[in-house]
Amino acid sequence: MSDTLTQLRESVSLDVPWNVIVHDDPVNLMGYVTWVLMKIFGYPENRAAAMMMEVHKRGRSVVWSGEREKAEFYAQQLQAHQLKTSLEKAE
Amino acid sequence: MKVAPVLKGGLRIDVESAMDWMVLRCIPYDARAGGLDLADRVSAPMDGDEGIGDWREFVLPDLRDGFNAQLAAIEAAVDAAGDEDGPGQVFILKEDAELWYGGLNQARLALEERYDLSNAVLAEMTPGKRSAWFRSQFYLHVQSLLLDHVMR
């Protein structure tokens, strides 16, 4: 008769938020980038314009943070509007 | 060629000559010339992402379909507006504004990639490059009208 030893291993992973990042692209009009951010995220114009200016001046801006699945959805929406977009884990 | 907003909320393009028709027909042509893969371009910053394989497999084909549909719709609208070289009108309906904006953006992007227009000096351009520059400026003008008078 043999005994079966069962080992339980518990893995806990923290649900790290993901950033959606828009990258600068000189071809896109500044007003258009603002308009897209307002349309997709529902941001007020002043917030969207501030993010657009960050993209313009610093080359990139974190436009949204949250769960991976939703971040992917937003990234796809932004790319469909011809904005260069990436995802990265929030620090 | 004249482009102006209309009361219903769209834009009307008054086409006056064969040259004007040619410029409008150049929108999808410019966008496709050079073989730029826009879907690949807009997703390029994701190259280091852990899910890039799935992204390429599942998302990029949809993006390509969407971008191609914009160009096909513009092509159809220009064709439907008149197949002769005389005066005519092309209407951009309010509900089609985004589609036109996207198609014009593709054309401008492709011209920029091909000719590096933003770093070029007009006086030193070859005739072909100068023609591309003027088309790009026209596309930009229509985009600005769409953004300021139709999409907002």
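Reader: What do the contacts inside chain B join?

Author: This is a predicted model. Among chain B contacts between residues at least 6 apart in sequence, 70% join residues at least 24 apart.

Reader: Which elements does chain B have, and in what order do they run?

Author: There are five helices and three strands. From the N terminus on, they go β-β-α-α-α-β-α-α.

Reader: Why are α1(B) and α3(B) called roughly antiparallel?

Author: Look at the angle. Helix α1 (residues 18–32) of chain B packs against α3(B) at about 160°, and their axes are 9 Å apart. Angles over 145 degrees count as roughly antiparallel, so that is the name for this pair. As for handedness, α1(B) passes α3(B) in a left-handed crossing.

Reader: Which residues make that contact?

Author: From α1(B) come Leu24(B), Arg25(B), Ile27(B), Pro28(B), Ala31(B) and Arg32(B), and from α3(B) come Leu71(B), Ile74(B), Glu75(B) and Val78(B). By class, the contact of α1(B) with α3(B) has seven nonpolar and three charged residues, with no polar ones.

Reader: On to chain A. How do you know that β1(A) and β3(A) pair?

Author: Two strands pair if DSSP finds at least two bridges between them. Strand β1 (residues 18–23) of chain A and β3(A) have five bridges, in the antiparallel sense, so they pass that test. One of the links is Asn19(A), whose bridge partner in β3(A) is Glu88(A).

Reader: And what makes β2(A) and β3(A) edge strands?

Author: The open sheet has three strands in the order β2-β1-β3 (chain A), paired antiparallel. Both β2 (60–66) and β3 (85–89) of chain A have a single partner strand, so one side of each lacks a neighbour in the sheet. From one strand to the next, the twist averages 30°. Helix α2 (residues 45–58) of chain A packs on this sheet, where it touches β1 and β2 of chain A.

Reader: How many residues are in contact between the two chains?

Author: On chain B there are 21, and they are in contact with 16 residues of chain A. Among the elements giving two or more residues to chain B's side are α2 (38–43) and α5 (127–151) of chain B, but α4(B) gives the most, with five residues. That side of chain B divides into 10 nonpolar, seven polar and four charged residues.

Notes
Residues are numbered from 1 along each chain as its sequence is written. Chains are lettered from A and ligands numbered from 1 in the order in which they are written. This is a predicted model: local features need pLDDT of at least 70, side-chain atom pairs count only at pLDDT 80 or more; totals for chains, interfaces and linings use all residues. Two residues are in contact if their C-beta atoms, placed from the backbone, lie within 7 Å. Helices (H or I, at least four residues) and strands (E, at least two) are DSSP runs, numbered from the N terminus. Ala, Val, Leu, Ile, Met, Phe, Trp, Tyr, Cys and Pro count as nonpolar, Asp, Glu, Lys and Arg as charged, and the others, Gly among them, as polar. Axes are lines fitted to C-alpha atoms, for helices over the stretch in contact, and angles run from 0 to 180 degrees between N-to-C directions. Angles under 35 degrees count as roughly parallel, over 145 as roughly antiparallel, 65 to 115 as roughly perpendicular and the rest as oblique. A crossing is left-handed if the near helix is turned anticlockwise from the far one by less than a right angle, and right-handed if clockwise.
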